[in-house]
Amino acid sequence: MHKNNSLNSNFVFKLASQLFRLLDKYRPEAKKDKRARLFQRAKARAEGKEDKATARPLVVRTGVNTVTSLIEKKKAKLVVIAHDVDPIEMVLFLPALCKKMGVPYCIVKGKARLGQVVRRKTCTALALSNVNPEDLTNLDKIAQVCKTNFNERYEEMRRHFGGGILGAKSLARIAKMEKLKARELQQKLGS
């Protein structure tokens, strides 16, 4: 299995609970609630009242494609990535893209935990694009912590991709180079 250490540096517990509290405020509408809302709207229209479209509520955006397009357009304020996505290649490019575009991102434990936010079994990535004014300070605080823990440490985490475990060929090549260096040093000292 491919190991990627950058997806193993997870969010601190206290901040993760704050993040999930914020995300829960922007959960998508449940099917039952949507059905009831649309039923009330249809009932009002049947009674002859004017049909007014409801404003689109602020919700978290889900899915790798949607999140990617939000990052590319720089509309995402915060990106949340699950650490246990399989195959990992689905989200492997997201930290690099977020770093390039200057979008704060964080990696949290459990795609099932992200799935609970959006009323599904699992979810690989979420993005917050807009929040209500009363949650703006909370989002800014979380985004700042994400920038310091993930965006600014991207290069450091990237160096540890693969867990630092070398294959047999790489180990043999390094050992051979060290033997050659030791032999050259002996020859310089001996002559």
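Reader: Before we start, what counts as a pocket here?
Author: A pocket is an open set of grid points, at which a 1.4 Å probe fits, with protein on both sides within 12 Å along at least five of seven lines. Please note that this is a predicted model.

Reader: Understood. What volume does the largest pocket have?
Author: The largest pocket has a volume of about 440 Å³. Its lining comprises 18 residues, and those closest to the centre are Pro-28, Glu-29, Lys-34, Pro-57 and Val-59.

Reader: Which elements give two or more residues to that lining?
Author: They are helix 2, spanning 31–46, and strand 1, spanning 61–62. Helix 2 gives the most, with three residues.

Reader: And how do the residues of this lining divide into nonpolar, polar and charged?
Author: The lining of the largest pocket has seven nonpolar, three polar and eight charged residues.

Reader: What about the second largest pocket, which residues line it?
Author: The second largest pocket has a volume of about 230 Å³. Among the residues that line it are Arg-56, Pro-57, Leu-58, Val-59 and Arg-61, together with Ser-129 and Asn-130. Helix 3, residues 64–72, gives the most to this lining, with three residues. By class, the lining of the second largest pocket divides into four nonpolar, four polar and four charged residues.

Reader: Let us turn to helix 3. At what angle does its axis cross that of helix 4?
Author: The two axes cross at roughly 20° and come within 10 Å, helix 4 being residues 94–101. Angles under 35 degrees count as roughly parallel, and helix 3 and helix 4 are therefore roughly parallel to each other.

Reader: Is the crossing left-handed or right-handed?
Author: Helix 3 passes helix 4 in a left-handed crossing. On the helix 3 side, the contact is made by Val-67, Thr-68, Ile-71 and Glu-72. Helix 4 contributes Leu-94, Leu-97, Cys-98 and Met-101.

Reader: How many residues of that contact are nonpolar?
Author: Six are nonpolar, and the contact also has one polar and one charged residue.

Reader: Now the backbone. Is the peptide bond from Asp-86 to Pro-87 cis or trans?
Author: That bond is cis, with omega near 0°. Pro-87 is found in the loop between strand 2 (78–82) and helix 4.

Reader: And what phi does Lys-74 have?
Author: Lys-74 has a positive phi of about 60°, although it is not a glycine. Most residues other than glycine have a negative phi.

Reader: Where does Lys-74 lie?
Author: Lys-74 lies in the loop between helix 3 and strand 2.

Methods:
Residues are numbered from 1 along each chain as its sequence is written. This is a predicted model: local features need pLDDT of at least 70, side-chain atom pairs count only at pLDDT 80 or more; totals for chains, interfaces and linings use all residues. Side-chain values use heavy atoms; hydrogens and water are left out. On a 1 Å grid over the protein atoms alone, a cavity is a set of points where a 1.4 Å probe fits but cannot get out, and a pocket is an open set with protein on both sides within 12 Å along at least five of seven lines; lining residues have an atom within 4 Å of a point. Grid points are joined across faces, edges and corners, and a volume is the space filled by probe spheres set on the points. Helices (H or I, at least four residues) and strands (E, at least two) are DSSP runs, numbered from the N terminus. Ala, Val, Leu, Ile, Met, Phe, Trp, Tyr, Cys and Pro count as nonpolar, Asp, Glu, Lys and Arg as charged, and the others, Gly among them, as polar. Axes are lines fitted to C-alpha atoms, for helices over the stretch in contact, and angles run from 0 to 180 degrees between N-to-C directions. Angles under 35 degrees count as roughly parallel, over 145 as roughly antiparallel, 65 to 115 as roughly perpendicular and the rest as oblique. A crossing is left-handed if the near helix is turned anticlockwise from the far one by less than a right angle, and right-handed if clockwise. Contact means heavy atoms within 4.5 Å.
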